[in-house]
Amino acid sequence: MDAFMLGAAQVLSFTTLIMMFFGAIAGIIAAAIPGFTVTMAIVLTLPLTFSMDPLQGISVMLSVYVGGYTGGLISAALLGIPGTPSSVATTFDAFPMARNGEPGRALSLGVWASFFGTLISTAVLIVAAPPLATFAVRLGPWEYFSLIVFALTIVASLVGDSLQRGLIAALIGLAIATIGTDPMMGRPRFDMGLELLAAGLPFLVVLIGIFAISQLASEVEDARAIKTGEKLVSGTIEFKTWAVMREVLMRPVNLIRSSLIGVGIGALPGAGGSIANLVAYDQAKRSSKDPDSFGTGTADGVVASEAGNSATAGGGLIPLISLGIPGSAVDAILMASLMVHGISVGPRLIMDNADLVYGMFLAMAVSSLMMLVICVLSMRLFLRVAEVPKWVVVPVVMVCCVVGSFALNNRVTDLYLLAAVGLLGYGLKALDYPLAPLVLGVILGPIAETNLRRALMTENDWSLFVTRPVSLIFLIAAVASVAWAVRGILRRRKQRKLQKDTA
């Protein structure tokens, strides 16, 4: 209790709260701009914390972290472009909801789901950090590969009406992920001798190109709509914050399940929000009584994706605090911040610096509350995007995408790749190919390959994938997931056929 009170006194000091408030604003803004990720915002914040006390500095960075996980919602809902990789699934229902005339409801659902997801993950972090971290660190490359195989089965839920087109899109994504330097041996491959492809296709460039450039290109197809000043999103900018809060709380199973998925995946080193929000969305769709409504603007889809990605913030701190193992790039930066202040991160962290750890727990909760307040107060300002004509929004967003892509590695060649990937995405979209499976393949492909090769280099025995219990569980879940998804697709086709015959 003394350690908690000491940590609370530092976090709740006026100076720290002011800095955290501005940190949350910075995280929200950075994540709302396509290409400017949460990681980039944290990196820019790190030097500013060197002169602060350890807990004060880490609290400010946590506020940027939490704000960033929510900021990606803004562009996902209003522009159909995920601001961060962890908001990919949010576009599936938030953008259609905004297009259907409810942009305020789409944003409010996401904000409240993010808030509750962060609180749930913080509660789990406080209660279950040591046992969860111990479990996560015991997973070997066999378990990670099987987990990714299970995650890849999400493709079956994202293919729409055509399983074949969805699988083709996923294979294209996996192929893109193999271009560039071999992750294990460091040798060039599939670059066709072109310097342009020597470094591979950065994931964020692919993400921005596939979603942003293709979406913006689609928006300017109708010259008449551009000339008449048609808006990108139509509908009222009114929103009912408390009514939407009740709407989120009326979905307790979806909210808690998605948050726990986010915590679990966040606790696995190298996973993160980009996987968590897709898995949470997939599980919500499979558990729904009306899975066909997903992708058309259903509230369950927004709640699942936002609760899932925001909960990874707390989940990622579990291995960091308990074992000194960063769960993601952002957690590695948080770890570096502590080490700069001379604090040893590892199993003894909670024993030697209990006030710091309890202060971090409290900072997570305070940051989520700040994020909620900032988003609710500035909601009307965000929704003004819905009143801006396309001829203004499209070039402004395009510039942000270009600047964000260039800022990743400061390479002009990335801009050429952005244009090429954007044209590919536009072509696939025009041919009615789903884009989500492609992005999923790009995200999961390198992780699957690295862990498969690491497993075989450790022990050249394929049977270990089915003899290790956790790995076997993931593989069984993958088979069951595919079977369930195919069953659902066949059932929907049969229902449509019956409806057509009776009509």
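Predicted model: local features only at pLDDT ≥ 70, side-chain atom pairs only at ≥ 80, totals over all residues.

Visitor: Where does Glu306 sit, and what is it in contact with?

Guide: Look in helix H15, which spans residues 299-323. Leaving aside neighbours within four places in sequence, the contacts of Glu306 include Tyr69, Leu73, Ser87, Gly110 and Ala113. Thr70, Thr90 and Ser114 are also among them.

Visitor: What makes the pairing of Glu306 with Thr90 a polar contact?

Guide: The distance between the two side chains is 2.6 Å. The cut-off for a pair of N or O atoms is 3.5 Å, with one able to donate a hydrogen and the other to accept it, so this pair qualifies. Glu306 also has a polar contact with the side chain of Ser114, at 2.8 Å.

Visitor: How far is Glu306 from Phe115?

Guide: Their C-alpha atoms are separated by 9.0 Å, while along the chain the two are 191 residues apart. For the protein as a whole, take the contacts with a separation of 6 or more: 80% of them come from residues 24 or more positions apart.

Visitor: How much of the protein counts as buried?

Guide: That would be 56% of the 503 residues. The fold has 24 helices and two strands.

Visitor: Which residues touch the most other members of the largest nonpolar core?

Guide: Tyr65, Leu107 and Leu317 do, in a core of 78 residues. Apart from it lies another core, of 55 residues, with Ala89, Leu197, Leu216 and Ala448 among them. Back at Leu317, not counting residues up to four places away in sequence, this leucine touches Leu62, Leu125, Asp331, Leu334, Met360 and Met364.

Visitor: Why is Leu196 called partly exposed?

Guide: Its relative accessible area is 31%. Buried would need under 20% and exposed over 50%, so Leu196 falls in between and is partly exposed.

Visitor: What share of the accessible surface belongs to carbon and sulfur atoms?

Guide: It's 68% of a total of about 20,900 Å².

Key
Residues numbered from 1 in each chain as written. Heavy atoms only, no water. Helix = DSSP H or I, 4+ residues; strand = E, 2+ residues; numbered from the N terminus. Contact = heavy atoms within 4.5 Å. Buried < 20%, exposed > 50% of the residue type's maximum accessible area, 1.4 Å probe, protein only. Areas by Shrake-Rupley, 256 points an atom, 1.4 Å probe, with all protein chains shown as cover. Core = buried A, V, L, I, M, F, W, Y, C linked by side-chain atoms within 4.5 Å.
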